[in-house]
Amino acid sequence: MRNDSIESTVNDSMLTIADSILQMIEQSKQKSLNKTSLMNHEKKSLKQDSTSWSTDEKKEAG
């Protein structure tokens with residue numbers, strides 16, 4: 001009976017560790033998606049801003 005108890009405890013611990021790792025992976029993916037989304041938003045914003053620049057400003061930027 002003691003071995004069954006130990007095995008059950010070890011299995012529970014392994015499941016807890018695996019769940020924690022999966023949560024960390026998901027959080028990492030979400031952070032990466034957020035950064036990509038933010039960068040794309042900034043690019044669009046800069047592109048929209050650049051359309052209102054004068055010819056001289058566009059030459060300087062280019």
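Which residues form a nonpolar patch on the surface? Hold that thought for a moment. A word on the source: this is a predicted model.

The answer is Ile17, Ile21, Leu22, Met24 and Ile25. Together they present about 490 Å² of accessible area. Take Ile25 as one of them. Ile25 sits in helix 1, which covers residues 2-51. Its relative accessible area is 40%. Buried would need under 20%, and exposed would need over 50%. Ile25 therefore counts as partly exposed.

Now the whole chain. What secondary structure does the chain have? Two helices and zero strands. Next, the dimensions. The C-alpha trace spans about 85 × 15 × 5 Å along its principal axes. The radius of gyration is 26 Å.

The chain exposes about 6000 Å². Carbon and sulfur atoms supply 55% of that area.

Charges next. The chain carries 9 positive and 10 negative charges.

How many salt bridges does the structure hold? One. The partners are Lys29 and Glu26. Their closest N and O atoms are 3.9 Å apart. The cut-off for a salt bridge is within 4 Å, so this pair counts. Both residues lie in helix 1. They are three residues apart, about one turn of the helix.

Lys29 has a relative accessibility of 49%, so Lys29 counts as partly exposed. Glu26 has a relative accessible area of 46%, and Glu26 is partly exposed as well.

To recap: two helices, zero strands. One salt bridge. One nonpolar patch to look at on the surface, with Ile17, Ile21, Leu22, Met24 and Ile25. That's my part.

How values were computed
Residues are numbered from 1 along each chain as its sequence is written. This is a predicted model: local features need pLDDT of at least 70, side-chain atom pairs count only at pLDDT 80 or more; totals for chains, interfaces and linings use all residues. Side-chain values use heavy atoms; hydrogens and water are left out. Helices (H or I, at least four residues) and strands (E, at least two) are DSSP runs, numbered from the N terminus. The radius of gyration is taken over C-alpha atoms; the globule rule is 2.2 Å times the number of residues to the power 0.38. Accessible areas come from the Shrake-Rupley method with a 1.4 Å probe; for residues, only the protein chains shown count as cover. Lys and Arg count as positive and Asp and Glu as negative; His and the chain ends are not counted. The place of a charge is taken as NZ of Lys, CZ of Arg, CG of Asp or CD of Glu. Patches are made of residues with over 30% relative accessible area and no salt bridge: like charges are joined within 9 Å, nonpolar side chains (Val, Leu, Ile, Met, Phe, Trp, Tyr) within 5 Å. A salt bridge is a side-chain nitrogen of Lys or Arg within 4 Å of a carboxyl oxygen of Asp or Glu. Buried means under 20% relative accessible area, exposed over 50%, partly exposed in between (1.4 Å probe, protein chains only).
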